[in-house]
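Open the model in your viewer and keep the sequence panel beside it. The stops below say what to select next and what is there.

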Amino acid sequence: MNPDSSGRVKIDDFFRVLRLKACSFSEKIFGLLDVEKNGKITFKQFLFGSTHVLKHPLFRQACEFAFAECHSGEKDFISEQELGDSIKQAIPNLNQYEIHELYKLFDTDGDGRITKDDFSTCLRRNPLLMALFSLQLMRKNVAGVGDRMLKETV
């Protein structure tokens, strides 16, 4: 991130680092961290919010469920198209470049495929990105994962 002289990060830099498109959904994610509601967050706020999501008891289960919902068929990886289709449920107006940038972020080993390990690694590094799959989690509500995690996180 690129903090200003006071050590705060503006919303645009937050979006850039997480490769999020500026939209109401992304603004809600930022809004959870911006407790002072001044359009900027400190690293401490970012870290606290990320840790809160990461340490949630259902985080690992939510990662596994989100991966299962993203990929189809018998293959053991997520294609760029599948990731885009999944994320567009949360951010509908993503263009191909934005999807590709998110795909590169999730493809942690750079082999051109998002395996379950890549997916989990990315979400452990960037736990706030779990919000991109919250609609799927809530819709399926497997064992209450989506509902409980979203309510407790928000």
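## Whole chain

Colour the protein chain by pLDDT, the predictor's confidence in each residue, from 0 to 100. The mean is 88, and 90% of the residues reach 70 or more. This is a predicted model: local features need pLDDT of at least 70, side-chain atom pairs count only at pLDDT 80 or more, and totals for chains, interfaces and linings use all residues. Residues are numbered from 1 along each chain as its sequence is written, and side-chain values use heavy atoms, with hydrogens and water left out.

Now select the elements at the two ends of the confidence scale. Helix H7 (residues 116-125) has the highest mean pLDDT among the elements, 97. Helix H9 (residues 145-153) has the lowest, 49.

Switch to cartoon. The protein chain has nine helices and four strands. Both are DSSP runs numbered from the N terminus: helices are H or I with at least four residues, strands are E with at least two. Their order along the sequence is β-α-α-β-α-α-β-α-α-β-α-α-α.

The protein chain exposes about 8,300 Å², with carbon and sulfur atoms supplying 53% of it. Accessible areas come from the Shrake-Rupley method with a 1.4 Å probe; for residues, only the protein chains shown count as cover. Of the 154 residues, 46% count as buried. Buried means under 20% relative accessible area, exposed over 50%, and partly exposed in between (1.4 Å probe, protein chains only).

## Helix H4

Select residues 59-70. Helix H4 has twelve residues and reaches 16 Å from its first C-alpha to its last. That is close to the 16 Å expected at 1.5 Å a residue, where the expected span is 1.5 Å times one less than the number of residues. Show side chains: Phe59, Ala62, Cys63, Phe65, Ala66, Phe67 and Cys70 are buried.

Stay here for Glu64 and Arg60. They form a salt bridge, with the closest N and O atoms 3.4 Å apart. The two sit four residues apart in helix H4, about one helical turn. Glu64 is partly exposed at 32% relative accessible area, while Arg60 is exposed at 64%.

How many salt bridges does a search of the whole structure find? It finds eight. The rule asks for a side-chain nitrogen of Lys or Arg within 4 Å of a carboxyl oxygen of Asp or Glu.

Select Asp4 and Lys40. Their closest N and O atoms are 3.0 Å apart in a salt bridge. Asp4 lies in the segment before strand S1 (8-10) and Lys40 in strand S2 (residues 40-42), so the pair ties together parts 36 residues apart in sequence.

Next, select Lys21 and Glu98, which meet in a salt bridge at 3.2 Å, N to O. Lys21 is in the loop between helix H1 (11-18) and helix H2 (24-33), and Glu98 is in helix H6 (residues 96-106), 77 residues apart.

## Aromatic rings

Finish with the rings. The count comes to eight aromatic pairs. Rings of Phe, Tyr and Trp (its six-membered ring) pair if their centres lie within 6.5 Å; planes under 30 degrees apart count as stacked, over 60 as edge-to-face and the rest as tilted.

Select Phe14 and Phe30. The pair is edge-to-face, 5.2 Å centre to centre with 65° between the planes. Phe14 is in helix H1 and Phe30 in helix H2. Both are buried.

Move to Phe43 and Phe46. This pair is tilted, at 6.3 Å and 35°. Phe43 counts as exposed at 52% relative accessibility, whereas Phe46 counts as buried at 14%. Last, select Phe14, Phe15, Phe30, Phe43 and Phe46 together: they form one aromatic cluster.
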